[in-house]
Amino acid sequence: MNEPDCNPNQETFVINLGPQHPATHGVLRVKLTMDGEYIVHAEPVLGYIHRMHEKMGENRTWAQFLPNTARLDYLGALSYNHGYVQVVERAAGIEVPERAEYIRVITVELNRIASHLLWYGAFVLDLGGFTPLLYAFDDREHVLDLLESVTGARLTFCYFRFGGVYNDIDEPFITGTRAFIKRLRSRLPDYHNLVTKNIIMIKRLKEVGPISAEMCRRYGATGPVLRGSGVCYDVRKNEPYSVYPELDFDIPVYSECDSMARYMVRMDEIDQCLRIIEQALDKLPDGPVMAEKAPKIIKPPVGDYYGAVEAARGTFGIRVVSDGTNTPYRMKLRSPTFSNLSLFGEASRGMLLADALALMGSLDLVIPEIDR
Amino acid sequence: MSGYFCELYSGTKSLFVGLGITFRYMLKPVVTLQYPHESLPMSARFRGHIELIGDEETGAPKCVVCGMCQKGCPSNCISLAGEKPEGGKGKVLTSYILDFTKCSLCGQCVESCKFGAIRFSKDYNLAGPRKEAYIFDLLKRLEEKGR
Amino acid sequence: MSMLCETLKEDFLALAPLALVDTDYKAKGYQLDITVAPAQVVEAATIMNRRGYTLEAVTGVDWLASAGPKPAKKAAPAEGEEEPVEAPGAPVAEQMEVVYDYTNTGQELCRVVVRCRIPRANPELPTVSGVFSGANWHERETHDFFGIRFLGHPDLSPLLLPEDADFHPLLKDFRV
């Protein structure tokens, strides 16, 4: 271990960050070995909200597992819904009507915006700024209202079905979404003036918490963490699914590798989400929202199947093994923040505690998703 | 040295820009509501706990006790019973218990019902002192509603 | 089949895996399906590391009563030809499968699945955490859920389960 030179007697002490700490956003505990204000060794301790979703998957039918997917990452539930229905559709060979795919993309991107807005508020809160949270929640409330009007839920959405979506979107939703796009576009400059250009934020984020592209690769980090390290990787572009290939959008990439870069990636992503939604609304075709031939009882053929989607926090992968019955044989949920957090120990070594919290905030952790 | 003053200037300016935004929003109308004195309208698709739908004429539940909702439920929250009246045809619902402590409002029951006998309620003001307060007797609720 | 997949195939054929199958990406979600012997997993990881791949996940599958799905045959045996004899190391019951999902973050897409079968009675295989640091947690999780011991792993204490857990919930004979 690299101990700073100023401590000849090798005196360190251990403090627990969490499991009940506002900066850990849930029940994450980090065992920190400290040399004064500097971190010598950080070890995240997981499992406080472990619910064994994978075993639950083996005990219920394919359709009955749907609500579980919303409870992994409760801030971006629809991406997880999407990943799961997609892999089962792949396994069972179900074709999804185009309109349903467009609706999926619209709602998933709205959900991504809601997730990023909450992250924005909570991240700045971690760094000691309270006001931006209120602006972010104001806008997020509009997204949640829109999503509630189609899905019936505000957080744990369970909207997608094998072969389509639960119900169609209506005219008020479309006009509401267009109004929201306009609204958020007019508010984003305020966000940047309030936070991005703020001298305190810049001082706390610039060149803090460097994560190199090579470290991301070794740990399997994905999403904004990877894109903040200069790697242009997004499942929506690299492994196109749904109707993303028909939409024109950019992948924001910053190569500074610091917390600021990860912050900027997410802020730019909000802008890109708005672009995607706008185009999807323009292109929204008519037609059914549920495949006519979708079987009521799903029995995918024997074999194993993999599917990945770009969730708000990175690549959500799901591996299902079917033995040909109406219950999955094995369900592996690969959550992005699990991998993203695993690099925290290495990345935070030698950092000031306060800087490490900025780094942790920039990883955008959602604990129920790490623990599953 | 000039870099220091430059930074001092731009840093101070950035703080005032932020304060300016806060000031602008201070003059704008309030966006929050004074709940519970005021509340927003419910969205039409809001998913509260499920409730039975009564027949429009008789008020009796439309449920035919097929048990599909019970079978579809991932968390086994629904237990229902029915009996066959003498001379009548089909079963009549005698009890329909929803264990709301386990329900995740996924809607598998509503979707699996072929007879349109259950729907989501708009009930969201739920608070109770005990766990037992969330074991809902939906049949009784329907009767009370009909009265 | 992309260039990258071809290169990887050559790399792996040099390793002499138990099976190497091109899979239909549309149907399965990955392009290469490679089965290796337990002693080869580290070498497989080294190949993937050399090609700039990242390890997405490590997981197990418990094949308690059945041998599990047969890997898709490359081509149906022509008529008159004999059914290929079961190769040594072919899946049987009472085994555990360890699955490594590899992906690359470059522009070319070639998802690789590396599998390995180990006896259920003595589930042991070498760790790849020396090659991919991220494997550390994935292997710990797999040890939690399946009781698979990764030899040489720095710390196999429970990660997601309670710290005194002595059970492995994803085993098929574990009753809830």
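## Helix packing in chain A

In this predicted model, α6(A) packs against helix α11 (residues 259-283) of chain A at an angle of about 165°, and their axes are 11 Å apart. Since angles over 145 degrees count as roughly antiparallel, α6(A) is roughly antiparallel to α11(A). The crossing of the two helices is left-handed.

On the α6(A) side, the contact is made by A:Ile174, A:Thr177, A:Arg178, A:Ile181, A:Leu184, A:Arg185, A:Leu188 and A:Thr196. The residues that α11(A) brings to this contact are A:Met267, A:Ile270, A:Asp271, A:Leu274, A:Ile277, A:Glu278 and A:Leu281. By class, the contact has nine nonpolar, two polar and four charged residues. An α-helix has 3.6 residues a turn, so residues three or four places apart point the same way.

α11(A) also packs against helix α14 (residues 353-362) of chain A, here at an angle of about 25° with the axes 9 Å apart. Angles under 35 degrees count as roughly parallel, and α11(A) and α14(A) are therefore roughly parallel to each other. α11(A) passes α14(A) in a left-handed crossing. In this contact A:Ser259, A:Arg262 and A:Tyr263 of α11(A) meet A:Ala358, A:Leu359 and A:Ser362 of α14(A). The residues involved divide into three nonpolar, two polar and one charged.

| Helix pair | Angle between axes | Distance between axes |
|---|---|---|
| α6(A) and α11(A) | about 165° | 11 Å |
| α11(A) and α14(A) | about 25° | 9 Å |

Is α14(A) largely enclosed or largely open? Eight of the 10 residues of α14(A) are buried, so this helix is largely enclosed by the rest of the structure. The buried residues are A:Asp355, A:Ala356, A:Leu357, A:Ala358, A:Leu359, A:Met360, A:Gly361 and A:Ser362. They pack against β3 (38-45), α4 (98-126), α7 (199-205), α11 and α13 (344-347) of chain A. Just after α14(A), A:Asp364 takes a positive phi of about 55°.

## Contact between chains A and B

How many residues of each chain take part in the contact between chains A and B? In chain A, 19 residues are in contact with 19 residues of chain B. On the chain A side, α2 (66-69), α5 (131-151) and α6 (171-196) each supply at least two residues. The largest share of that side, five residues, comes from α5(A). The chain A residues that touch chain B divide into eight nonpolar, six polar and five charged.

## Form of chain B

The secondary structure of chain B comes to four helices and five strands. Along the sequence these follow the pattern α-β-α-β-β-α-β-β-α. The radius of gyration of chain B is 27 Å, well over the 15 Å that the globule rule gives for 147 residues, so chain B is more spread out than a compact globule. Along the principal axes, the C-alpha atoms of chain B fill a box of roughly 100 × 30 × 30 Å.

Buried residues make up 18% of the 147 residues in chain B. Among the contacts in chain B with a separation of 6 or more, 70% are between residues 24 or more positions apart.

Definitions and conventions: Residues are numbered from 1 along each chain as its sequence is written. Chains are lettered from A and ligands numbered from 1 in the order in which they are written. This is a predicted model: local features need pLDDT of at least 70, side-chain atom pairs count only at pLDDT 80 or more; totals for chains, interfaces and linings use all residues. Two residues are in contact if their C-beta atoms, placed from the backbone, lie within 7 Å. Ala, Val, Leu, Ile, Met, Phe, Trp, Tyr, Cys and Pro count as nonpolar, Asp, Glu, Lys and Arg as charged, and the others, Gly among them, as polar. The radius of gyration is taken over C-alpha atoms; the globule rule is 2.2 Å times the number of residues to the power 0.38. A residue is buried if 20 or more other C-beta atoms lie within 10 Å of its own, exposed if 12 or fewer, and partly exposed in between; C-beta atoms are placed from the backbone. Axes are lines fitted to C-alpha atoms, for helices over the stretch in contact, and angles run from 0 to 180 degrees between N-to-C directions. Angles under 35 degrees count as roughly parallel, over 145 as roughly antiparallel, 65 to 115 as roughly perpendicular and the rest as oblique. A crossing is left-handed if the near helix is turned anticlockwise from the far one by less than a right angle, and right-handed if clockwise.
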